[in-house]
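Here is a short report on one structure. Take a look at the sequence and the model before reading on.

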Amino acid sequence: MHELAIMQSVVNIVEREAARCGHVRVEAIKLRVGELSGIMPECLREFFPIAAAGTAAEGARLDIEPLPARISCPDCGYDGPPSGTECPGCGGYGFRLTAGREFYVESMEVE
């Protein structure tokens, strides 16, 4: 249920930015959600209308674009999607996660 609090924060950010730029209404919000972020896109969609009710974002379109996980292995140079708990390139465990935990507002359309 933390997605409701997350969506309330997103709406606050978007409202604040729209007001700062002199806009009255938010038409669309585009979010980027990493597949390993722990945030469920379907829950964000469910809670968005509740969080946006009575705000400049009420009735706005919510677009959610997933960000796939990526790893980088210093041992073999592999850079790409993970495969289990080992590097797909060399089978090692020394890789680091380079993408997939992100969550941010990519853009918004305003009136």
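## Two loop residues and a helix pair

T55 sits in the loop that joins α2 to β2 (61–67). This is a predicted model. T55 counts as buried, because its relative accessibility is 18% and the cut-off for buried is under 20%. A polar atom of the T55 side chain lies 3.1 Å from the backbone nitrogen of A57. Leaving aside neighbours within four places in sequence, T55 is in contact with V11 and E15.

P68 belongs to another stretch, the loop between β2 and β3 (70–72). P68 is exposed, with a relative accessible area of 52%. Not counting residues up to four places away in sequence, P68 touches E35, A99 and G100. E27 is 41 residues from P68 along the chain, and their C-alpha atoms are separated by 26 Å.

Now the helices. Two packed helices are described by the angle between their axes and the distance between the axes. The axes of α1 (residues 2–20) and α2 (residues 41–52) cross at roughly 55° and come within 8 Å. That angle makes α1 oblique to α2. The crossing of α1 past α2 is right-handed.

Which residues make the contact? From α1 come E3, L4, I6, M7, Q8 and V11. From α2 come C43, L44, F47, F48, I50, A51 and A52. The residues of this contact divide into 11 nonpolar, one polar and one charged.

Technical notes:
Residues are numbered from 1 along each chain as its sequence is written. This is a predicted model: local features need pLDDT of at least 70, side-chain atom pairs count only at pLDDT 80 or more; totals for chains, interfaces and linings use all residues. Side-chain values use heavy atoms; hydrogens and water are left out. Axes are lines fitted to C-alpha atoms, for helices over the stretch in contact, and angles run from 0 to 180 degrees between N-to-C directions. Helices (H or I, at least four residues) and strands (E, at least two) are DSSP runs, numbered from the N terminus. Angles under 35 degrees count as roughly parallel, over 145 as roughly antiparallel, 65 to 115 as roughly perpendicular and the rest as oblique. A crossing is left-handed if the near helix is turned anticlockwise from the far one by less than a right angle, and right-handed if clockwise. Contact means heavy atoms within 4.5 Å. Ala, Val, Leu, Ile, Met, Phe, Trp, Tyr, Cys and Pro count as nonpolar, Asp, Glu, Lys and Arg as charged, and the others, Gly among them, as polar. Buried means under 20% relative accessible area, exposed over 50%, partly exposed in between (1.4 Å probe, protein chains only). A polar contact is a pair of N or O atoms within 3.5 Å; within protein, one must be able to donate a hydrogen and the other to accept it, and residues adjacent in sequence count only if both atoms are side-chain atoms.
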